[in-house]
Amino acid sequence: MDKIVSLCKRRGFLFQSSEIYGGVQGFWDYGPLGVELKRNLKDAWWQDMISSHNELLVPANAPTEFEMVGLDCTIIMHPQVWKCSGHYDLFHDHMVDCKESKKRYRFDQIRGRWCSRGEQRIFVTTMAEAEQEEDEVRRRGMKYFKLRAKNADELTIEKESLTFDQIQERELVLAPDAKSLDTLTEPREFNLMFKTTLGALGGEADVTFLRPETAQGIFVNFKNVVDTSRVKIPFGIGQVGKSFRNEITPRNFTFRSREFEQMEIEFFCHPDQSKQWYQYWRDRRLKWYTELGLSDEALIMREHHVEELAHYSVGTADIEYAFPFLPEGEYGELEGIAHRGDFDLRSHMEGKLDPNSPEGEPMQVELNEHGKPKYKGSGKDLSYRDPITNERFIPHVIEPSAGADRAALAFLCEAYTEDKVPDDKGELQERTVMKLHPRLAPVKAAIFPLVKKDGMPEIAKDIYSELKKHMNVFYDDKGAVGKRYRRQDEAGTPYCITVDTDTLNDKTVTIRDRDSLEQVRIKIDDLVSELGDRLS
Ligand code: ATP
């Protein structure tokens, strides 16, 4: 991982935010190469999920045809949105501080224990020590405990899927390097939303929040979209944008940041079809990552245990990737696909009667001490009437929610490769190459004159100007051509085009493939179409 981090900095993929002032934890800036990578990633998502979706065709494995549209909502929304969505009351992490070391720990739901920044796992060095740990954990009644030997003399203790609520007692989750429970403060709940105020006075009534997810903008616009476009259920609304979470322990490079981008879909369907659509989106989203280059072996689909599911959900699965900063066998979440039932739309209505219930049962919202819904909803009817059957119902929602920064990090990790390639004299030399999918690569092609004379730079510059109209290309005439190739390999540029002596006679150039190293000659006039084919 250290090598990847250093390449990202050295080549301008990622910088720490406000670095010259010492940086701010959990905030990252994308450099000239990084910004192109992330833009390409978001464009690929938008194109594959929204703009290129053909609603007249039934995609493979989909129950029926469907429509997809997009939205771009604001980061700051009406404060009531977050009360009705549950974020105001429930979007908490649990934290403790060590009174001696002043170290802060966040409760990690997956590992089922307190974790400090950068801390990954419990190390034990002997089997006896491992058994002791295991006994202790069993004695304290922990579930889902698994002991795994990494190699003969290094054992790792892992706990899976243990939520804070399941553990209940803080004694069960002693931070690994805390001397005793007495050194830890009581666990505190910490709301992850960033607060801000509206207007000049900035009183308590003006408090609002930076959105911690893009999804709510979609829910509150559901009616607007249905009323103004011709969408019919089933359909999906997609959005890409910034989200903010005041993470207690930002760590692992961009993996857990405080400002990040999400690519979210809310897919609205009939309740009777929701399970099929859940299955469809799980499969489709997993395939998207492999098609763009993540290897099957490094990806898993982790179904949430029944105890982990929200009361309204019939299923949630996370697509997880074996990030190199995690211990072997551990995975980090790239995307969650959740069946959210009708929870969100109902929450944004107001204590309305259930239109499908013959008894007119009130909907299941949290009530205050007076038996009224705890937070006032919008009062708007967010149900849907099927134009053919006239059936009125509250759509169920399938939510594939991905992180653009985590995906970019996964693609960077997957792409990082060290291999050996022959130099000009045929001797094998080590090289570092970022094997990014051509759609994601920041620079699509680099153009080199072999030498800076005989008119070669002029021809190369003409080619550069022509290609620049179609894609992001780079011109380089500095240093030996071998060195120029290496520089582009590190940047992940899939093709290098070289103008040489033959070009002067036959108007052809060589085009070199980053991964296979194959070089073919091709007419300058055919370059645009050739590259177009190779990159698509
Ligand atoms: P985690 O359990 O890792 O905190 P989460 O389950 O809270 O993640 P979701 O609320 O499901 O995450 O958000 C959807 C996606 O947004 C995640 O799969 C992830 O890709 C991205 N994401 C969430 N929090 C962060 C963060 N702090 N930094 C970067 N990306 C994030």
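Among contacts in the protein between residues at least 6 apart in sequence, 65% join residues at least 24 apart, where contact means heavy atoms within 4.5 Å. The model is a predicted one, in which local features need pLDDT of at least 70 and side-chain atom pairs count only at pLDDT 80 or more, while totals for chains, interfaces and linings use all residues. Residues are numbered from 1 along each chain as its sequence is written, and side-chain values use heavy atoms, with hydrogens and water left out.

Of its 536 residues, 50% count as buried, that is, under 20% relative accessible area, with exposed over 50% and partly exposed in between (1.4 Å probe, protein chains only).

The interior comes next. In soluble globular proteins, nonpolar side chains tend to be buried together. Here, the largest nonpolar core has 57 residues, and W281, Y289 and F323 have the most contacts inside it. Such a core is a set of buried Ala, Val, Leu, Ile, Met, Phe, Trp, Tyr and Cys residues joined through side-chain atoms within 4.5 Å. Elements that each supply at least two residues of this core include helix 1 (2–10), helix 2 (32–51), strand 14 (259–269), helix 9 (274–291) and helix 11 (404–415). Helix 11 gives the largest share, 9 residues. Leaving aside neighbours within four places in sequence, Y289 is in contact with L294, L299, I319, L334, E335, A402, A407 and F411.

A few backbone details deserve a look too. Most residues other than glycine have a negative phi, and most peptide bonds are trans. I233 and P234, however, are joined by a cis peptide bond with omega of about 10°, and P234 sits in the loop between helix 8 (222–228) and strand 13 (235–244). F253, in the loop between strand 13 and strand 14, has a positive phi near 60°; this residue is buried, at 12% relative accessible area. N390 also has a positive phi, about 70°, and lies in the loop between strand 18 (384–385) and strand 19 (392–393). With 48% relative accessibility, N390 counts as partly exposed.

Definitions and conventions: Helices (H or I, at least four residues) and strands (E, at least two) are DSSP runs, numbered from the N terminus.
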